[in-house]
Amino acid sequence: MHRLYEYCEAVEEHKILTCELVKKAVKRFRDDIKKSQSKDYPYTFDETRAQNFIDFTESLKQYKDKWAGQKLHLEPWQVFCLGNVYGWVRKDTHTRRFQKAFIFVARKNGKSMMVSAPLIWDVIFTAGGEAYTAATKKDQAKIVMKNVQEMVRQNVTLSRRLTWYSSTNTFVNLAKASKITALSKEYQAMDGLNPSVVVADEVSAMKNYDIINVLASGQYSRPEPLMFLISSASDNVNSVGAQELEYSKQILYGTIKDDAYFCMCY
């Protein structure tokens, strides 16, 4: 986890240019590390667990342009985000602390590629897992799924374990009875879903919480539910992305306390 801590130091020492909200996110992490030394604080940062997920992500391969066939190399800010989400756990149950992660960053910074890994991780390691990539439009939902397809195709082990069904845009792991499916607003059977992991792409394009609320309500029975909300900015100040950004600001400035919500806002 040295890259995560190096990123924190670079932000704190102004070696890289960041906004106030990023500084607040780093400070939150540092403060929580200090608090975790107390037996009364319910969470601890499991570096091994975080590193295992980072290593898994960086074993996957890219498929576009000159980087095709090369293994992913996460940027420091991506290591910080994923390390936080997968490293923080409850001390009593060792289950994941964060149940929702909001990542707000400009386009073309690799956020869709980054959050493809959690879907693959879930279908490999979660018995009965249901991982979904969701968006307002079907084509948008398929962007993350396309990343998953190509990552699986270029990995011999994953290709043997996962079966692709093009008619339903679904990967299935028969051994674990788990799956990854692409959803959109038009999907007709959401009420019966029991998601373990959800990646909601470009939430600034979502005018309301309809699809988010249905998927979130289906996660209640999961011991480690996780929902990624990722987005770039838009001019719609009433969108899901805009509302999550305002909520994140309140968390980072200490107005609201929500230990189950990770946020990183550029």
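Does Phe53 count as buried or exposed, and what is its relative accessibility? The views below start from the whole protein and then come to this residue.

**View 1. The whole protein, a predicted model.** Local features here need pLDDT of at least 70, side-chain atom pairs count only at pLDDT 80 or more, and totals for chains, interfaces and linings use all residues. Residues are numbered from 1 along each chain as its sequence is written, and side-chain values use heavy atoms, with hydrogens and water left out. The protein has 10 helices and 10 strands; these are DSSP runs numbered from the N terminus, helices being H or I with at least four residues and strands E with at least two. Along the principal axes, its C-alpha atoms fill a box of roughly 50 × 40 × 40 Å. Of the 266 residues, 52% count as buried, where buried means under 20% relative accessible area, exposed over 50%, and partly exposed in between (1.4 Å probe, protein chains only).

**View 2. Phe53 and Tyr86, a stacked pair.** Welcome back to the opening question: Phe53 counts as buried, at 0% relative accessibility. Tyr86 counts as buried too, at 3%. Their ring centres are 3.7 Å apart and their planes at 5 degrees, so the pair is stacked. This pair links distant parts of the chain, with Phe53 in helix H3 (residues 47-57) and Tyr86 in helix H4 (residues 76-87), 33 residues apart. Rings of Phe, Tyr and Trp (its six-membered ring) pair if their centres lie within 6.5 Å; planes under 30 degrees apart count as stacked, over 60 as edge-to-face and the rest as tilted.

**View 3. Tyr41 and Tyr43, an edge-to-face pair.** A search of the whole structure finds 19 aromatic pairs. In the pair of Tyr41 and Tyr43, the ring centres are 5.6 Å apart and the planes stand at 75 degrees, so the pair is edge-to-face. Tyr41 is buried, with a relative accessible area of 9%, and Tyr43 is buried at 10%.

**View 4. Arg97 over the rings of Tyr43 and Trp88.** Look for the charged end of Arg97, which sits over the ring of Tyr43, 4.9 Å from its centre. That charged end also sits over the ring of Trp88, 5.1 Å from the ring centre. A charge sits over a ring if NZ of Lys or CZ of Arg is within 6 Å of the ring centre and within 35 degrees of the ring normal.

**View 5. An aromatic cluster that includes Trp88.** Tyr5, Tyr7, Phe29, Phe45, Phe80, Trp88, Phe98 and Phe262 form this one cluster.
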